[in-house]
Every structure is written in C-alpha cells, then in structure tokens.
Amino acid sequence: MCNEVIIGGMPIEIIKKQNLKNLYIRVNPPEGNVTVSTPSDYPDEEIRLFVLKKMPEITKVRDRMLSQPRQTEREYVSGESHYLWGKPYRLQVVYEGNKYEITKLPNKIMLTAPERSTKESRERAFNEWYREELKRVLNVVVSRCEAKTNLYANEYKIKNMRTKWGTCNIDKKRIWINLQLAKKPVECLEYVVIHELVHLIEKNHTHRFHALVEEFYPTWKEARKLLAELPLDYIEKGEWVENEEQNNI
C-alpha cells in the first residue's frame, strides 16, 4: 500500500509492507523524489516524526543529487565520451561482422558491432564489458581490503543499481557492488568495499562504524567526494531500483 503525503513541505511517498521490520528512507534519482518504506502497522504519526527528524539529512542528499552533473543519454555511437576507472574515453564504433568486440586504446574505446545493431544491443555489450573489467579489478581490491580489515564476505556480486554504490546482507555475508563503479576511480571501489565490509560487524552508521572506516581507509572522505563530483549516468525520469538488502551506501 502506498500514498503520498506532505511532510515538512516536501512530498513524501509512503510505502507500507508487511515483511519490513524497520523504516527506510530513499532519495531517488534523478529528481530527488523521497520514498519511505515502513512496516504495514507503523503509526502514521511516528512516520511523520521520523521523517521530520531526518529532514536535514534528506535535504542535504537531495540537494547534492540535484546539483551533481549527469551525462546526456548515451546512444553508443562514435564521438561520445565514456568513462572507465575515472578516465573519459572517446568512443569509436565500427560496424562490421556479426559479433560485438570492445577494445580500449590509450585515448579511445573501439566498439565493433554488427551493422544492424541497436542502441540497446550496443549498451548490453558495453555493460558486459564493464562487468568483466569490474570483476578483474574487484578481485584485487577485495583481497587488499579483506587483508587490511581482517573481515571477509562469503560472496561478492555485481549488479547495475540506480540508487546505491554497494549493499551488504549481513546474515548471508553477501556484498553487492554497483556495476557503475567500473566508471569511477579505483579508490572509489576500494572505499565502497571497505564500507560494506565494516557493516559485517557494525550494522548501522554509528560513530564506531565511521571510526572503523576511518581506521581501515583514512582517505575515505576524498573517495566519497569523488563519487559525489564525477558525472552520473543518464537516468530516465522516475527510474530507480528498490533495494531490500540490509545495509547500503
């Protein structure tokens, strides 16, 4: 069940679910719409008080989201700029054959695609290429982060998420990494891995949590700033993916 209410002068979508135990607030790109997911029996007045208490944080996140530069919609054609590990590359598309191949050169990325390929098929080929790049680097970063923290996840998985850089399921010790991190500098990936590993021993963003992140990754604030400053991908209006993992960033 969902309905929209005005709290503190801001439209808030309230979604009530039977299987939830806690309240979750999400600021959804690209327009900063706010969603609150709550247990179905949670009193409306307590929801309102909870949102009002979090309003300064909601406003800060929303303002940052609205001010962050975002790329125009990608068509995956020659001349576009595409990022890999924080560096922009000029795309060159060659139409030949019946297979998709992607090659990274010093200053450009070459995509070979069938002549009748569509934007959607070229995008899928790019995302698979990003996935392989992320897997390759993630293996190295995970080994370094786990050795540094002495914390270990059972499983790392990659998912193209629209609202979170990473999530952690504490019970299953499973960490999800956003595919989009292949486009950011490696230090951003390392920060996200450290952040999610710390959730294995500290569920919430407490003072202890931030102290541990600081201990394991002293430059985490610089990495987080990079995530906030670099251009985000284009997102269709209203497009977002709900995430039910226990902790996220």
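Predicted model: local features only at pLDDT ≥ 70, side-chain atom pairs only at ≥ 80, totals over all residues.
Between H1 and strand E5, which covers 81-84, you'll find Tyr 76. What's the backbone doing there? Phi of Tyr 76 is near 60°, so to speak on the positive side, in a residue other than glycine. Tyr 76 is also buried, with a relative accessible area of 7%.

There's another residue like that. Lys 173 has a phi near 55°, again a positive value in a residue other than glycine. Lys 173 sits in the loop between strand E10 (166-169) and strand E11 (174-178). Is Lys 173 buried or partly exposed? Partly exposed, with a relative accessible area of 31%.

I'll walk through a few of them.

Start with Lys 16 and Asp 44, whose side chains meet in a salt bridge at 2.8 Å, N to O. Lys 16 lies in strand E2 (residues 10-17) and Asp 44 in helix H1, so this pair ties together parts that are 28 residues apart in sequence. The two ends sit in quite separate categories for accessibility: Lys 16 is buried, with a relative accessible area of 15%, while Asp 44 is exposed, at 55%.

Next, Glu 155 and Arg 174. Their closest N and O atoms are 3.1 Å apart. Here too the bridge links distant parts of the chain, with Glu 155 in strand E9 (residues 155-159) and Arg 174 in strand E11, 19 residues apart. Glu 155 is partly exposed, with a relative accessible area of 31%.

Glu 128 pairs with Arg 131, the closest N and O atoms being 3.8 Å apart. Both are in helix H2 (residues 119-149), and because they are 3 residues apart, about one helical turn separates them. As a reminder, an α-helix has 3.6 residues a turn, so residues three or four places apart point the same way. Glu 128 is partly exposed at 44% relative accessible area, and Arg 131 is partly exposed at 21%.

Now helix H3, residues 186-198. At 1.5 Å a residue, its 13 residues should span 18 Å, and the end C-alpha atoms are 19 Å apart, which agrees. Where does H3 sit? Of the 13 residues, 11 are buried, so H3 is largely enclosed by the rest of the structure. And here's Glu 190 again: it's one of the buried ones, along with others including Cys 188, Tyr 191, His 195 and Val 198.

Last stop, the surface. Which residues form the positive patch? Lys 60, Arg 64, Lys 221 and Arg 224. Helix H1 (44-67) and helix H5 (220-229) each supply at least two residues of the patch. Arg 64 is in helix H1, and at 40% relative accessibility Arg 64 counts as partly exposed.

That's my tour. Happy to take questions.

Conventions
Residues numbered from 1 in each chain as written. Heavy atoms only, no water. Patch = residues over 30% accessible without salt bridge, like charges linked within 9 Å, V, L, I, M, F, W, Y side chains within 5 Å. Areas by Shrake-Rupley, 256 points an atom, 1.4 Å probe, with all protein chains shown as cover. Salt bridge = Lys/Arg side-chain N within 4 Å of Asp/Glu carboxyl O. Lys, Arg positive; Asp, Glu negative; His and termini not counted. Charge placed at Lys NZ, Arg CZ, Asp CG, Glu CD. Helix = DSSP H or I, 4+ residues; strand = E, 2+ residues; numbered from the N terminus. Buried < 20%, exposed > 50% of the residue type's maximum accessible area, 1.4 Å probe, protein only. Expected span 1.5 Å × (residues − 1).
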